[in-house]
Amino acid sequence: MDEFLYLSLPPMVIASLAAIACVLPGNFLLLSRRAMLGDAMSHVVLPGIVVAFLLTGSGSGVVMGAGALAAAGLSAVMIEWVTRRAGIEPGAAMAVVFTTMFALGVVLLETTGTSGVHLDVEHALYGNLESLIWLGSAPPELLRLTLIAAGLALALRLVWRPLVLATFDPVFAQTQGVPVAWLRAGLTAATALAAVAAFQAVGSILTIAMLICPAATARLLTRTLPAQLAVSLGFAIASALLGYVLAGYAPLWIGLPFTLSASGMIATVSGLMLAAAALIASQRARAAL
Amino acid sequence: MQAGAEAALQVQGLTLRYNDVLALDGASATFPSGSMTAIIGPNGAGKSTFLKSVLGLVEAEGQVSAFGGPVAKVMARIAYVPQRAAVDWSFPVRVIDVVLMGCYRKTGLLGRIDRRMTAHAMAALARVGMQDFARRQIGALSGGQQQRVFLARALAQGADLILLDEPFAGVDAATEAAIIGVLKSLRDGGATIIAVHHDLSTVAAYFDRVLLLNRRTVAEGAVAETFTRTALAQAYGPALILDPAA
């Protein structure tokens, strides 16, 4: 039992918190057809983290988080710039910027001696969820993600009405005095914050999955936005817990002598949930005809 | 000042350039209080752009004043009904939620939607004959019903200057009759209605004034004097075979 409390519970809680932080902005990214932004943000943090480490030599979460946020901000500006200057659609601009930035991060990682401090490509992709155990004190990610998830939830509660209005009908929202451009920038910032926080704990693959999969799953099964948000949070937490347990124990149950990546398994579970929801939704649509 | 004496909306030399294309070229118009005006003109004449420029949604050159002052100061009195195609109708909101969006200025950022506000929104829905659909998801509505919900949202706002962008595009006859009935009763109550309109055959029956637009103002005034063969030929080109007298 103690073993579970110290070794398994902290990473499960951290994975759930990362999922919650990502799901909150993720629902609105999906509805405003900016899902790709989540993908972009969770990739561009890598060069930010590496550069922050190279500049300061510090591996502290705060320093790396600041570097990641700076990279996210820079990328948002670059995406706008490429969109306007090159006259290409925002999705393509995001793809260009985030792949370039991620590649830059990988090159920086491989050419500099940063791998000693949990900075390598594998950790960038999968995070290091399994190592976030309770060693005498709580892992710092626990407090950080708790604060960020709570902060994002509070911010969402505060701007709920104008955000829904601006997402549904931005032109009408403008005529009502809703600060549409600020809300859009705020959603980008919230996505960056969630992506940075989640990236450090769970890696980019899980971050991308959590930004979009639970929201997309809930969107297929619900009719109102509060319901969609609630259901997506439920799916996110369920896939975090189920994925973690499956990664750690499922191979043992069938007699295999290894465990799987928790982040990878959580992302897989959330993808399977989305597939199941798509099947259910298409069945329902057929039944309704 | 007496109602009707002051123009609800005055537009002077509205000009807008999109890259190299001149969308509006010094368009001017006056919309008296309590009037109901159709904005007509060929495709690409800048009709929708005219409305958006008036509202400040796109940045155009020129002077626009509403109720004798800058538009930005009286936005609460102006309702805008966008084209139906402007939004994603599969969005997860119910009909009543959309109508309540029209109450945003009344409730403010954090304001709670109380029973009084919901009753107000329901009354707006009832005026367009959609009260039985309040709890439906908007994706389940027909095109005409969607347009009526948009109008209900403008009614909930309680504005007295209403700008509509093609409110009759792709709607059924029942909706068209319901919408025009509501608009006329608003006008009779002193509101000013301005609608981008496509169907020239209904202009005289629905509206009392007309603005003929083709990037600039071709003609404006009462339907009887302005909606003439000469003016139409000027706006649309001589190919148009329509006799407004018929």
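Helices and strands here are DSSP runs, at least four residues long for a helix (H or I) and at least two for a strand (E), counted off from the N terminus. Keep in mind that the whole model is predicted.

View 1. Walk along chain A from the N terminus and the elements read α-α-α-α-α-α-α-α-α-α. That comes to ten helices and zero strands.

View 2. The C-alpha trace of chain A spans about 55 × 50 × 30 Å along its principal axes. A compact globule of 289 residues would have a radius of gyration near 19 Å, and chain A has 19 Å, so the two agree. Peek inside: buried residues make up 48% of the 289 residues in chain A. And if you take the contacts in chain A with a separation of 6 or more, 74% of them link residues 24 or more positions apart.

**View 3. The sheet of chain B.** Now for some strands! Chain B has an open sheet of four strands, ordered 2-1-4-5 and paired antiparallel. Why do strand 2 (21-32) and strand 5 (69-70) of chain B each have one side without a neighbour in the sheet? Both stand at the edges, so each has a single partner strand.

**View 4. Strands 1 and 2 of chain B, side by side.** Strand 1 (residues 7-18) of chain B runs antiparallel to strand 2 of chain B, and nine bridges join the pair. Look for B:Leu9, which stands opposite B:Phe31 in strand 2 of chain B.

**View 5. A helix across the sheet strands.** Helix 1 (residues 47-54) of chain B lies across strand 1, strand 2 and strand 4 (61-66) of chain B. This helix 1 runs at about 115° to strand 1 of chain B.

Technical notes: Residues are numbered from 1 along each chain as its sequence is written. Chains are lettered from A and ligands numbered from 1 in the order in which they are written. This is a predicted model: local features need pLDDT of at least 70, side-chain atom pairs count only at pLDDT 80 or more; totals for chains, interfaces and linings use all residues. The radius of gyration is taken over C-alpha atoms; the globule rule is 2.2 Å times the number of residues to the power 0.38. A residue is buried if 20 or more other C-beta atoms lie within 10 Å of its own, exposed if 12 or fewer, and partly exposed in between; C-beta atoms are placed from the backbone. Two residues are in contact if their C-beta atoms, placed from the backbone, lie within 7 Å. Two strands pair if DSSP finds at least two bridges between them. Axes are lines fitted to C-alpha atoms, for helices over the stretch in contact, and angles run from 0 to 180 degrees between N-to-C directions.
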